[in-house]
Amino acid sequence: MKEIRGNKIIEISEIDISCYKKAILDLGTGDGRFVFENAKKNPDTLYVGVDPSQKQLEIYSKKAVKNRKNNARFILGSIEMLPDELNGKFDEVFITLPWGTLLKTLVNPTQENVEKIKYLFKPNSADTLLQIIFGYAPDLEPSETIRLNMPGINEFYIKENIIPSFFKVGFECLEVHKMDKNDLTNIETTWGKRLRFGEDRTFYRLRFSL
């Protein structure tokens with residue numbers, strides 16, 4: 001498993017979660033802002049960000065190293081290539097404003113990919129949470145929507161096509177919440193802060209437990 005520390009790639013065999021009260025994974029973390037900012041606020045919680053872009057991960061990994069935030073970790077990976085060493089480590093998993101393949105995986109979920117997400121959780125955790133915040137607008141991103149072959153998204157589609165795929169592997173849906181860009185105010189991601197000042201669009205927050 002490859003970890004980004006500052007601007008270096010370090011090969012590690014595992015992530016030790018034993019000294020933390022809770023472990024949280026941010027899948028598709030981008031530059032890792034979510035991981036770094038939350039690690040500062042909650043020193044007894046381990047935050048791990050996963051993204052396929054080393055260059056992106058370096059941005060907040062450098063800040064974490066500089067500020068000695070050992071509870072902020074950054075791992076190279078994607079939904080297609082999740083390191084096995086991450087399985088069974090986490091109480092909570094966040095997927096916030098995904099794009100590209102990760103977004104397509106969530107909108108058109110296969111059992112294989114949903115199971116990959118399930119395996120990330122601690123097997124006997126009493127308080128699990130999977131939170132997904134996503135949204136896209138074909139009129140604002142027409143070329144990418146066509147490239148990914150994305151369907152129109154609404155609450156009916158979510159309840160008929162997305163939630164059942166998670167239910168089949170053991171997830172219970174706790175919430176489907178419709179959002180707009182003003183609801184992104186407290187989301188600690190760089191992309192979320194940019195979208196707050198863009199065109200109006202609809203987002204959805206899904207919460208599941210195991």
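**Salt bridges and what lies around them**

Modeller: The structure holds 10 salt bridges, counting a side-chain nitrogen of Lys or Arg within 4 Å of a carboxyl oxygen of Asp or Glu. Some housekeeping before the pairs: this is a predicted model, local features need pLDDT of at least 70, side-chain atom pairs count only at pLDDT 80 or more, and totals for chains, interfaces and linings use all residues. Residues are numbered from 1 along each chain as its sequence is written, and side-chain values use heavy atoms, with hydrogens and water left out.

Start with Glu14 and Lys89, whose closest N and O atoms are 3.9 Å apart. Glu14 lies in the loop between strand S2 (8-11) and strand S3 (22-27), and Lys89 in the loop between strand S5 (72-76) and strand S6 (92-96), so this pair ties together parts that are 75 residues apart in sequence. Those labels are DSSP runs numbered from the N terminus: helices are H or I with at least four residues, strands are E with at least two. Glu14 is partly exposed at 48% relative accessible area, while Lys89 is buried at 15%. Here buried means under 20% relative accessible area, exposed means over 50%, and partly exposed is in between (1.4 Å probe, protein chains only).

Next comes Glu92 with Lys22, at 3.1 Å from N to O. Glu92 is in strand S6 and Lys22 in strand S3, so to speak distant parts of the chain, 70 residues apart.

Asp91 is in the loop between S5 and S6, and Lys122 is in the loop between helix H4 (111-119) and strand S7 (129-134), 31 residues away in the chain. Asp91 is buried at 9%, and Lys122 is partly exposed at 22%. Shared partners also join Glu3, Arg5 and Arg73 into one salt-bridge network.

Arg5 takes us to strand S1 (residues 2-5), which runs antiparallel to S2 and is joined to it by four bridges; two strands pair if DSSP finds at least two bridges between them. Arg5 stands opposite Lys8 in S2. The two strands form a hairpin with two residues between them, and Gly6 in the turn has a positive phi of about 70°.

The largest nonpolar core has 42 residues, and Leu130, Phe134 and Phe166 touch the most other members. A core here is a set of buried Ala, Val, Leu, Ile, Met, Phe, Trp, Tyr and Cys residues joined through side-chain atoms within 4.5 Å. Elements giving two or more residues to this core include S3, S6, H3, H4 and S7, and H6 gives the most, with five. Setting aside neighbours within four places in sequence, Leu130 is in contact (heavy atoms within 4.5 Å) with residues including Val93, Ile95, Ile117, Phe166 and Leu206. A second, separate core of 15 residues includes Phe34, Val35, Tyr60 and Phe94.

As for helix H3 (residues 100-107), six of its eight residues are buried, so the helix is largely enclosed by the rest of the structure. The buried ones are Gly100, Leu102, Leu103, Thr105, Leu106 and Val107.
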